[in-house]
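Please walk through this protein model, going from its overall dimensions down to a single residue.

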Amino acid sequence: MKQTKLKIGEFSQLMQVTVKTLRHYEQIGILKPCEVDQWTGYRYYKLEQMQQLQSIRHLKDVGFSLEEIREMMENNSLVPGIEQLESKIHACEEELKILLARRERLHQMVDSQRKLNSMDKISIQELPEIIVASHRETIPNYEAVGPMCVNVIGPEMQRLGCKCPPPGYCFTIEHNKEYSPTDIDIEYCEQVEEMGTDSEIIQFKKLDAVKSALCYKHYGPYDRFYQSYTEVFKYIEKEGYRIVGNPRCCYVDGIWNQEDPEKWLSIIQVPVEK
């Protein structure tokens with residue numbers, strides 16, 4: 001009985017898979033043509049290879065890689081063992097945990113954006129003259145701001161007996177001349193009631209009043225500051241303001257009182273004039 005053979009294009013059309021995919025499967029050794037014409041180079045497939053391809057597609061659908069499928073074929077079987085299946089089930093469960101956590105973070109971001117959009121984000125305020133305890137340091141990234149405040153500056157200010165007027169006012173000023181996601185030259189300032197004695201970590205100084213500062217509420221982690229700064233500078237340009245001092249970033253809620261970074265509140269303060 002003559003065996004039916006299909007050209008690669010026919011096989012591709014019937015099985016709804018691209019010729020490119022079939023050639024790739026041939027190259028890696030999981031589905032080779034039953035015959036290759038030595039003169040024309042035409043590739044032919046047998047009808048029974050339809051089932052083989054169907055098995056390959058099914059295994060891919062349930063998470064097996066082409067390399068794993070090739071190893072099965074080397075063992076003359078396209079049926080995975082129980083241990084292999086249980087391993088894929090475990091992998092699915094781990095992926096599901098990651099996806100659920102990602103979905104939760106996305107929900108939090110949506111809530112944060114809705115909250116942000118529902119509030120008055122921008123205001124113009126006067127910043128009074130204040131005395132601050134200052135600490136300047138080059139930190140590896142923005143995530144290091146919170147630990148620096150909690151583990152270094154806070155204990156040192158307590159040791160020096162610093163008294164902070166309520167409700168508390170602390171902010172940072174960046175001294176980098178250009179953006180850098182690492183090695184950030186940052187100065188942390190926290191308002192105190194009176195000048196103290198400088199230490200190796202803390203220096204005290206008086207900051208002049210700022211007659212007019214554009215204040216913008218930023219909700220979320222610090223690595224998204226660029227989004228808020230974009231809005232700030234768009235507003236400055238639109239309203240015809242001019243920047244007349246270093247921007248401050250005031251921290252209201254952060255790692256010290258909120259575990260969820262999406263609930264962190266910072267206020268960007270940019271000295272401006274018209």
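What percentage of the 274 residues in the protein is buried? In this predicted model, buried residues account for 35% of the 274. The accessible surface comes to about 17,600 Å², and carbon and sulfur atoms supply 50% of that area.

The overall dimensions come next. The radius of gyration of the protein is 32 Å, whereas a compact globule of 274 residues would have one near 19 Å. Along the principal axes, the C-alpha atoms fill a box of roughly 100 × 45 × 35 Å.

As for secondary structure, the chain contains seven helices and 12 strands. Of the contacts between residues at least 6 apart in sequence, 68% join residues at least 24 apart.

Now to one residue. Ser 228 belongs to helix α7, which covers residues 225-239. Is Ser 228 buried or exposed? Its relative accessibility is 4%, and the cut-off for buried is under 20%, so Ser 228 counts as buried.

Which residues does Ser 228 touch, leaving aside those up to four places away in sequence? They are Tyr 216, His 218 and Ile 268. With His 218 there is also a polar contact: the side chains of Ser 228 and His 218 are joined at 2.6 Å.

Terms used: Residues are numbered from 1 along each chain as its sequence is written. This is a predicted model: local features need pLDDT of at least 70, side-chain atom pairs count only at pLDDT 80 or more; totals for chains, interfaces and linings use all residues. Side-chain values use heavy atoms; hydrogens and water are left out. Helices (H or I, at least four residues) and strands (E, at least two) are DSSP runs, numbered from the N terminus. The radius of gyration is taken over C-alpha atoms; the globule rule is 2.2 Å times the number of residues to the power 0.38. Buried means under 20% relative accessible area, exposed over 50%, partly exposed in between (1.4 Å probe, protein chains only). Contact means heavy atoms within 4.5 Å. Accessible areas come from the Shrake-Rupley method with a 1.4 Å probe; for residues, only the protein chains shown count as cover. A polar contact is a pair of N or O atoms within 3.5 Å; within protein, one must be able to donate a hydrogen and the other to accept it, and residues adjacent in sequence count only if both atoms are side-chain atoms.
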